[in-house]
Amino acid sequence: MRSCLRFLAILCASLALLGAAPDAAMATSAAKTPPLKFNWGAPTADYYALYVAKDHKLFEEVGLEPNFYFFPSGAPLLAGLKSKSLDVITTGLATVFALGQQIPLKLIYWELDHAAAEGLVVNPAAGIASYRDIARAKAIAAPSGTCAQVSLVLMARELGFKYADLNIINIAPPLYGNAFKSQSIQAAVAWSPYSSILNGDGFPVVNWANEYTPDGGVCPGLTGVRADFLAQHPDLGLKLVQVQAKAMDMIRRDPELGIAVLMKYLSVSHEVARHIHEREFARIPSYAQQVDPASPYSLAPADGGGLARKLLVASQALAEVGTIPAPLSPEAIAQAIDPSAIQRYLQGERK
C-alpha cells in the first residue's frame, strides 16, 4: 500500500512538472528574446522626447536597442538611408530630399514642429519691424536647402517680389551672431536654438514662422523608418510611438527634464533652454492632431492637407529656386506618410 501511495505521489509530481514545463520554457524563451538592434540618425536639434528616451533607457523597456548617430545637419542622413546603414531617422526637411531621391521611407510621427521656434531675426538698427520690411535688409542669412530658405521664398511671394531680388547669404546659423555683430547681415531666418540665442544677444525675433508661412509653418520634424526595415519589423513603429508617448509625458510632468536635455545635447544655457522650451514644447503636435484630417499636422495623406501639404509647399519652394530639380509629387508624399503606428497606439495596442 505504501509503495502504491509513493508511486502515485511521484506520478502526480511528474505530471505537474510536465504541465509547468511549456510555460516555463515560454518564459525562458521570452526572457532570452534579443532586443531589436538598429541604427538611428538625427541632426542635433530640439528632439526632447528622443533625448529623454535615450537617457532614461525607455527603448530598452519595449525590446529595442537603437544605436544613435547625431549629425550637424540633415545631409548625412541621405547617404545613410541610401546605403541602408541607417534604419530610422529623425529630421526636418531632409525628408523632402530623401523622397525626391526616391528613397523608400515611411514617415510615422511628428517629433517636433521646427516652425514653432523659427523666426525672422534682425539687427534693431536696420529698421526692420516685421517680415514686410524684409527688402530693407542689405543682406539676409539663410542656408540653402533649409526651412529658412523656404520661408524667404514664401515671404517674397506674399510680398509680391522674387526671392532673387533679395541678397541671401548662404551661411550656417552658428555663424549668424558674428555676421550680425560685424554688420555683414541685417536679418536672418533662424530656427532653434539659434533664434533663442540671438534673441538673448540683442538681435530680436520680429516674427515667428507661423506669421509668415501658411498653415502655421512648413518645417516639420519627423521620425521615419526605411520602408523595407519597417516591413521586416511591423511592430517597430508602434514601439517607437509608445516610447515617445512615455517620454513626452515625463517632460510634461517635469519640464526641467526637457530643459536639461536641451542643455546637454545643444550645449546651451539654462536660460536659453528654458526660452526654447516655453516657445515650442507645447506646440509639438499631439497624436490627436496627427490623426485628425482637419488638422494642419494631420498624417492623413489622401486629402492633400496636413503634413502632406507642408511637404508639398516646401518642395515647391525649394524647386522654385533651383535647390532641388523638381517638387515632390502628391503621390510620392502620400505613399511615404504612414499614420498606422499612432492609430494602433490610440486604439490601446501595446507591445
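Reply: Of the chain's 351 residues, 52% count as buried, where buried means under 20% relative accessible area, exposed over 50% and partly exposed in between, with a 1.4 Å probe and protein chains only. Please keep in mind that this is a predicted model, in which local features need pLDDT of at least 70, side-chain atom pairs count only at pLDDT 80 or more, and totals for chains, interfaces and linings use all residues. Residues are numbered from 1 along each chain as its sequence is written, and side-chain values use heavy atoms, with hydrogens and water left out.

The chain exposes about 15900 Å², with carbon and sulfur atoms supplying 56% of that area (Shrake-Rupley method, 1.4 Å probe). Its C-alpha atoms fill a box of roughly 110 × 45 × 35 Å along the principal axes. The secondary structure comes to 17 helices and 10 strands; these are DSSP runs, H or I of at least four residues for helices and E of at least two for strands, numbered from the N terminus.

The largest pocket has a volume of about 690 Å³. Its lining is made up of 30 residues, and Pro72, Ser73, Gly74, Thr146 and Trp191 lie nearest its centre. Helices α4 (75-82) and α5 (94-100) are the elements that give two or more residues to this lining. On a 1 Å grid over the protein atoms alone, a pocket is an open set of points with protein on both sides within 12 Å along at least five of seven lines, while a cavity is a set where a 1.4 Å probe fits but cannot get out; lining residues have an atom within 4 Å of a point. Points are joined across faces, edges and corners, and a volume is the space filled by probe spheres set on them.

The largest cavity has a volume of about 50 Å³, and among its lining residues are Trp40, Phe59, Tyr109, Glu111 and Leu240. Two or more lining residues come from each of α2 (48-55), β4 (105-113) and α11 (236-253).

One more residue deserves a look: Ser151, which sits in helix α6 (residues 147-159). Ser151 counts as buried because its relative accessibility is 2%. Beyond its neighbours within four places in sequence, Ser151 is in contact (heavy atoms within 4.5 Å) with Glu118, Val189, Tyr212 and Thr213.
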